[in-house]
Protein chains: 2
Amino acid sequence: MARVETGRVRRPAAARREQILAVAADAFAVAGFRGTSLAEVAQKVGVSQPGLLHHFDSKESLILAVLQQRDLQDEQHVEAQFQGVEVTTREWLMAFCRRNETQPGLVRLFTVQSAESLNPAHPAHDFFYQRNQRVRERIARLIVADQEKGRLSPSLDPAATAAELVSLMNGLQLQWLRDPATDMCGLFETSLLRLEAVPGTKA
Amino acid sequence: MARVETGRVRRPAAARREQILAVAADAFAVAGFRGTSLAEVAQKVGVSQPGLLHHFDSKESLILAVLQQRDLQDEQHVEAQFQGVEVTTREWLMAFCRRNETQPGLVRLFTVQSAESLNPAHPAHDFFYQRNQRVRERIARLIVADQEKGRLSPSLDPAATAAELVSLMNGLQLQWLRDPATDMCGLFETSLLRLEAVPGTKA
DNA sequence: GTCTATAAAATGATAGAC
DNA sequence: GTCTATCATTTTATAGAC
């Protein structure tokens, strides 16, 4: 006698986890953390809501897992391009920008969560603070290297310029998401070239 | 015989409305639209939740009223400074930046709502789209005027440069909110001065 | 103008079976 | 690994009294 049809699709935990992360990333990108319900994510995955919570203890652990995974993937992708090769600030930043241009969902996830996480009560509040510091420091180091090679004016303050470039990149992403006609990378490159044109290749 | 103490504080509708708008602006600024409950706002106002909904038909109408009021106040404040006077792009933008620096709550309201409203289902989705277009056009006109006076290089594309400056301003606000040590206006001015240094004051 | 009462729906999470 | 059942809250909104 045949088993009763239950409709369940049982999958390896790892595969299901990946699937959930992908669906959740999209949902959080569109509606934010508070605006996304576990039931909604579960339904899109094709699983019950308690079934979803079997893989992630809570909604908080889910958003953190999503952000950490995507952040790691993204960083690795770009850094891998320049393995051992010498990179200028502009090249490095433009590589990120160009990659972002092909991944609006990812950009949206980080842009929306970034603003939402300004709230100290947001589960990813610390995550975004740390991430921001890390990115600024990375860019500041690239700027210093460029200055040493005479590619950027020594009159530029590395930390301040890094903060400015991170801000511009974030702002351009927001602008691009709101109005996809925005030439995000074109505007960014124009600004970077203007930076390189600042006079004063050492006194 | 004395009337029974009800504990109610009855106020003129207009005054209560203003009070609600002020409290709601703070709440939406911190926790966003989805993250703020009417009960929370009502409690801080010192009124019951249905008492609050007597003044605003719904949560949606409340957030829209908050944004419209603040947007109007802000624009009027800065434009009033330059009544009839000729302003440069840099002066106009720096006036906004300096005012913003004194109003973190206001900046946070618009930064958080701006990102949250990327969601087409957000009540202020259209509001922010229109507002963004309006600001970009205003700045583009200032740039054209500066170019005509020889204060900015004619090689700059007004619309593109306006989009870049709006992006930078928005990004700097986010950066400043996340890390108050950021010298928002200082960084902005540095960038604006760099723009003015672009060579080519007409052929 | 403000309140109490209440509805109606949604949500995050747990218990326990299969 | 996934489900059904269920709970405790929270949340927006309405009805009707004062």
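Predicted model: local features only at pLDDT ≥ 70, side-chain atom pairs only at ≥ 80, totals over all residues.
A salt bridge is a side-chain nitrogen of Lys or Arg within 4 Å of a carboxyl oxygen of Asp or Glu. One such pair joins B:D179 and A:R136, whose closest N and O atoms are 3.3 Å apart.

**Extent of the contact**
- Chain B brings 39 residues to the contact, and chain A brings 39 residues.
- About 3,400 Å² of area is buried between chain B and chain A. Carbon and sulfur atoms give 55% of that area.
- On the chain B side, the residues that lose the most area to chain A are B:L118, B:R178 and B:R194. Together they make up 23% of what that side buries.

**Polar links**
- Four salt bridges are counted between chain B and chain A.
- There are 15 residue pairs in polar contact between chain B and chain A, both residues being at pLDDT 80 or more.

**Make-up of the chain B side**
- The helices α1 (13-31), α6 (104-116), α7 (125-148), α8 (158-178) and α9 (184-196) of chain B each supply at least two residues of the side that touches chain A.
- Of the chain B elements, α8(B) gives the most to this side, with 13 residues.
- Sorted by class, the side of chain B that touches chain A holds 19 nonpolar, 13 polar and seven charged residues.

**Annotated stretch of chain A**
- An unreviewed UniProt entry annotates residues 37-56 of chain A as "DNA-binding region".
- Over residues 37-56 of chain A, the chain is 65% helix and 0% strand. The end C-alpha atoms of this stretch are 14 Å apart.

Note on methods: Residues numbered from 1 in each chain as written. Chains lettered and ligands numbered in written order. Heavy atoms only, no water. Contact = heavy atoms within 4.5 Å. Buried area = accessible area lost by both parts, 1.4 Å probe. Polar contact = N/O pair within 3.5 Å; in protein donor to acceptor, adjacent residues only side chain to side chain. Helix = DSSP H or I, 4+ residues; strand = E, 2+ residues; numbered from the N terminus. Nonpolar A, V, L, I, M, F, W, Y, C, P; charged D, E, K, R; others polar. UniProt positions renumbered as here; feature names shortened; annotations may be inferred.
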